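Welcome, and please open your viewer. We will go from one selection to the next and look at what is there.

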Amino acid sequence: QKTAYEMLRSLVGSEMCIRDRNTTKVSIVLKNMNLGDRIMEVLAPELQQCGHQIQQLDLSWNGMTEKGCAAVMPVLNAPHIRDRLTSLTLSGNRLGNYCLEQV
């Protein structure tokens, strides 16, 4: 039986990364999966690895709070990721002021 980390890693590496055949654009859609803060903490290092390719990231409706946001936002604000990321969707999560200031 796979751990949550192994499952997430395999998803981010396969069907969750939607590549545009004509460009190097990568979209990751993880919306409405109720991943929560713990999985966001696991997701952060994975985003660090493939983040330079991500142009669109949808983490909406995942039950993420300030804790999950605190794990993900430093990675997304890294210059090699931030400069390429054109769309970030966080709607439907319970995010506080810290997260909103980081976006």
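Helices (H or I, at least four residues) and strands (E, at least two) are DSSP runs, numbered from the N terminus. This is a predicted model, in which local features need pLDDT of at least 70 and side-chain atom pairs count only at pLDDT 80 or more, while totals for chains, interfaces and linings use all residues. Residues are numbered from 1 along each chain as its sequence is written, and side-chain values use heavy atoms, with hydrogens and water left out.

**Stop 1**

Select Glu 41, which lies in helix H2 (residues 36–50). Side chains of opposite charge can pair when their charged atoms come close.

Are these residues buried or exposed? Buried means under 20% relative accessible area, exposed means over 50%, and partly exposed lies in between (1.4 Å probe, protein chains only). Arg 38 is exposed at 55%, whereas Glu 41 is partly exposed at 28%.

**Stop 2: across to Lys 67**

Lys 67 is exposed, with a relative accessible area of 53%. Show Arg 38, Glu 41 and Lys 67 together, and you have a network of salt bridges.

What else does Glu 41 touch, leaving out residues up to four places away in sequence? Besides Lys 67, Glu 41 touches Ala 71, where contact means heavy atoms within 4.5 Å. Try the distance tool on Glu 41 and Gly 68 as well: their C-alpha atoms are 6.1 Å apart in space, although 27 residues separate them in sequence.

**Stop 3: the buried side of H3**

Next, select Gly 68, Cys 69, Val 72, Met 73, Val 75 and Leu 76, which are buried in H3. They cover an arc of only 155° around the axis, so they sit on the same side of H3. This arc is taken from the directions from the helix axis to the C-beta atoms. What do the buried residues of H3 pack against? Their partners are H2, strand E3 (54–58), helix H4 (79–82), strand E4 (87–89) and H5.

**Stop 4**

Cys 69 is in helix H3 (residues 66–76) and Cys 99 in helix H5 (residues 97–102), so the pair links distant parts of the chain, 30 residues apart. The link is right-handed, with 85° about the S-S bond. Cys 69 is buried at 1% relative accessibility, and Cys 99 is buried at 0%. By the rule above, the count is one disulfide.

**Stop 5: Arg 82 and Asp 83**

Finally, select Arg 82 and Asp 83. Their side chains meet in a salt bridge of 3.9 Å, N to O. Asp 83 is exposed at 63%, while Arg 82 is partly exposed at 41%. The count of salt bridges comes to three.

How values were computed
Disulfide = S-S within 2.5 Å. Salt bridge = Lys/Arg side-chain N within 4 Å of Asp/Glu carboxyl O.
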